[in-house]
Amino acid sequence: MLERRAVATWSVFGIVAAVSSVLVMRRPIAQRLSDLHIYYGAAETVNTGDPLYGYVAENGGPFTYPPFAVLLFRPLTLLPEGAVQLLWLALTCAAVVVIARSVGRGLGLGPLAVAGMACALLVSAPVQSNLRFGQVSIFIVLLALVDAMGLLPERYRGILVGVAAAIKLTPLLFVGYFLITGRYKDAARAAGAFAGCGLLAAALLPADSWAYWSGTMLETSRIGNLASLGNQSVHGMLMRAGVSPAVLPFVWAGLIAVVCGAAMLRACRLHRYGEHVRAAVLVGCATVAASPVSWTHHQVWTVLAAMLLIATDGVWRRAAGVVLLVVMTLSLGAVLRGVSTYPGWQFLLENARSIGLVAVCLAGFGGAAVVTVRRSRAWLRPVTAVAVALTVIALLPLPAGADPTFKAYSASDLANPRYFYFSADPLPGEPVRFLVRREKTKVRVNGVAGAEVARLRYRSAPGGLSRTVPLLDLEPGVRTFSFRSANLAHGRLDALAPDGRVVATFTGFERS
């Protein structure tokens, strides 16, 4: 009976994998496996001898990885890009299976549990993001996980971590884990493999290697808007919280020292108790928290952490694992958008993955990590503290100036009916007319302004920085504007005359 259930569950996995792949391939060509398209184009650029970091794909994306990564992608150019896309989707699904089997082997789980874990991984937002974009992140997780768990023969341990770090730098944190757990040979092999991959790239691509290591690796603007909701790292959450750029590096460094320090210490203790799977996943979560940029496809580690919590003894820890798995599968900011328009709630929901990640790094999960607190109700204090903190966050207004969704549209956007959907003449005595459209995670404001209005400014919250909203010439005699915001509950739109006098003010949805 158990074998039949396992076979049935693997059948579900196959169906979900096939449906997900078909949906990816049905996307418009410009949006289909967009990151894989960048890898493929960058490899073709290298083949022709053009500068690697001067390459920009048709979708606007540059190549952002170390030069060694493009060497691995070059063989793919022997195949048509369409064939590479199908191969990549198949390999991504296969990587999910190997990860589930590796974790199951380390925890001693049965076939049914392993199949269930594979299904849960596949439907999670991070893995779906890997499929949708054609991302390499799932393979980075696989390499680091198998190596850190000690599944390789002893003489090869550390090498896969070094190779993974040569493709993306964040796995270098595992070298520190090897050192604090006394795996000095593994640390040396990891460092040697990382250096060897870098030297190989330098020998084959000297100009590109110099360009990357001498400056390109620090150009975070190439990666995208770090304050966007997709970046669920601690750094991204602080940016969305409105922390001043002047103090952001110091606040971020302090928090990362605490969060990653706690994760590494707990991982070290788990390692001593033989909990190699939990230790490896905890270090992986620390890499996601520590990186300035952790897009959705990087967050496979957090999904694994949720599953390990579910597989741990204790009702509270299992419940926490279920909640975290839901957070990592659904976008709470979109699903629960109608629960409350209060900015604090919205901020909490939209940063739920960051908060869950930090909680895992600080609290750990099960096994040896909770041995010392089983003797009493010591768990009650941290649970109470977390509940109070979340309540405070939920009830506070959106931090002044924090509105990662805000964007004021320019003349180049006038032809887009999604942004400019309202046109009318201002009424006498009403300098500004506008219409608000609510969407799942944002609101859009589009309107027209009368001749007495010289400029518009918007504040997301009291005390926040003012943002200029351009007035655009839609047609002769009609000036229009459009912007989006996370929430209008505490927003304020001012219409100013040429002399700077405020001629009209709008707060929320009503004129004051």
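**Entry 1: Ala118**

I started at Ala118, which is found in helix 5, residues 111-123. The model is a predicted one. Is Ala118 buried or exposed? Its relative accessibility is 0%, so Ala118 counts as buried. I then listed what Ala118 touches, leaving out residues up to four places away in sequence. The list reads Trp10, Phe13, Val96 and Ala100. I also checked Ala118 against Ala94. They are 24 residues apart in sequence, and their C-alpha atoms are 10.0 Å apart in space.

**Entry 2: the whole chain**

I stepped back for the totals. I count 20 helices and 10 strands in the protein. Of its 512 residues, 48% are buried. I looked at contacts between residues at least 6 apart in sequence. Of these, 69% join residues at least 24 apart.

**Entry 3: nonpolar cores**

Which residues have the most contacts inside the largest nonpolar core? They are Phe63, Phe73 and Trp301, in a core of 109 residues. Not counting residues up to four places away in sequence, Phe73 touches Tyr39, Ala43, Phe63, Tyr65, Trp88 and Val136. Another core lies apart from the largest one and has 16 residues. Among them are Leu456, Phe481, Leu493 and Ala495.

**Entry 4: Leu33 and helix 2**

Next I went to Leu33, in the loop between helix 1 (2-25) and helix 2. Leu33 has a positive phi of about 45°, although it is not a glycine. Most residues other than glycine have a negative phi. Leu33 is also buried, with a relative accessible area of 0%.

Helix 2 covers residues 34-47, which is 14 residues. From first C-alpha to last, helix 2 reaches 20 Å, close to the 20 Å expected at 1.5 Å a residue. Why do I call helix 2 largely enclosed by the rest of the structure? Because 12 of its 14 residues are buried. I noted the buried ones: Ser34, Asp35, Leu36, His37, Ile38, Tyr39, Tyr40, Gly41, Ala42, Ala43, Thr45 and Val46. Tyr39 and Ala43 are in the buried set, and Phe73 touches both. What covers the buried residues of helix 2? The cover includes helix 3 (67-73), helix 4 (81-107) and helix 6 (125-133). After helix 2 comes Gly49, with a positive phi near 85°.

Helix 13 has 25 residues. Its reach is 36 Å from first C-alpha to last, close to the 36 Å expected at 1.5 Å a residue. Its buried residues are Leu248, Ile256, Val259, Cys260, Ala262, Ala263, Met264, Ala267, Cys268, Leu270 and His271. The cover over these residues includes helix 9 (173-180), helix 12 (234-240), helix 14 (276-290) and helix 19. Just after helix 13, Gly274 takes a positive phi of about 80°.

I then took the packing of helix 13 (residues 248-272) with helix 19 (residues 352-363). The angle is about 45° and the axes are 7 Å apart. Helix 13 and helix 19 are therefore oblique to each other. Helix 13 makes the contact with Val258, Val259, Ala262, Ala263 and Arg266. Helix 19 brings Val358, Cys361, Leu362 and Ala363. By class, I get eight nonpolar, no polar and one charged residues in this contact.

**Entry 5: helix 7 and helix 15**

At what angle do helix 7 (residues 137-148) and helix 15 (residues 300-310) pack? The angle is about 55°, with the axes 10 Å apart. This pair is therefore oblique too. Ile138, Val141, Ala144 and Leu145 of helix 7 meet Val300, Trp301 and Leu304 of helix 15. Trp301 is one of the residues with the most contacts inside the largest nonpolar core. By class, the contact has seven nonpolar, no polar and no charged residues.

**Entry 6: Trp210**

Last, I looked up Trp210, in helix 11 (residues 206-213). Is Trp210 buried or exposed? Trp210 counts as exposed, because its relative accessibility is 66% and the cut-off is over 50%.

Definitions and conventions
Residues are numbered from 1 along each chain as its sequence is written. This is a predicted model: local features need pLDDT of at least 70, side-chain atom pairs count only at pLDDT 80 or more; totals for chains, interfaces and linings use all residues. Side-chain values use heavy atoms; hydrogens and water are left out. A nonpolar core is a set of buried Ala, Val, Leu, Ile, Met, Phe, Trp, Tyr and Cys residues joined through side-chain atoms within 4.5 Å. Buried means under 20% relative accessible area, exposed over 50%, partly exposed in between (1.4 Å probe, protein chains only). Contact means heavy atoms within 4.5 Å. Helices (H or I, at least four residues) and strands (E, at least two) are DSSP runs, numbered from the N terminus. The expected span of a helix is 1.5 Å times one less than its number of residues. Axes are lines fitted to C-alpha atoms, for helices over the stretch in contact, and angles run from 0 to 180 degrees between N-to-C directions. Angles under 35 degrees count as roughly parallel, over 145 as roughly antiparallel, 65 to 115 as roughly perpendicular and the rest as oblique. Ala, Val, Leu, Ile, Met, Phe, Trp, Tyr, Cys and Pro count as nonpolar, Asp, Glu, Lys and Arg as charged, and the others, Gly among them, as polar.
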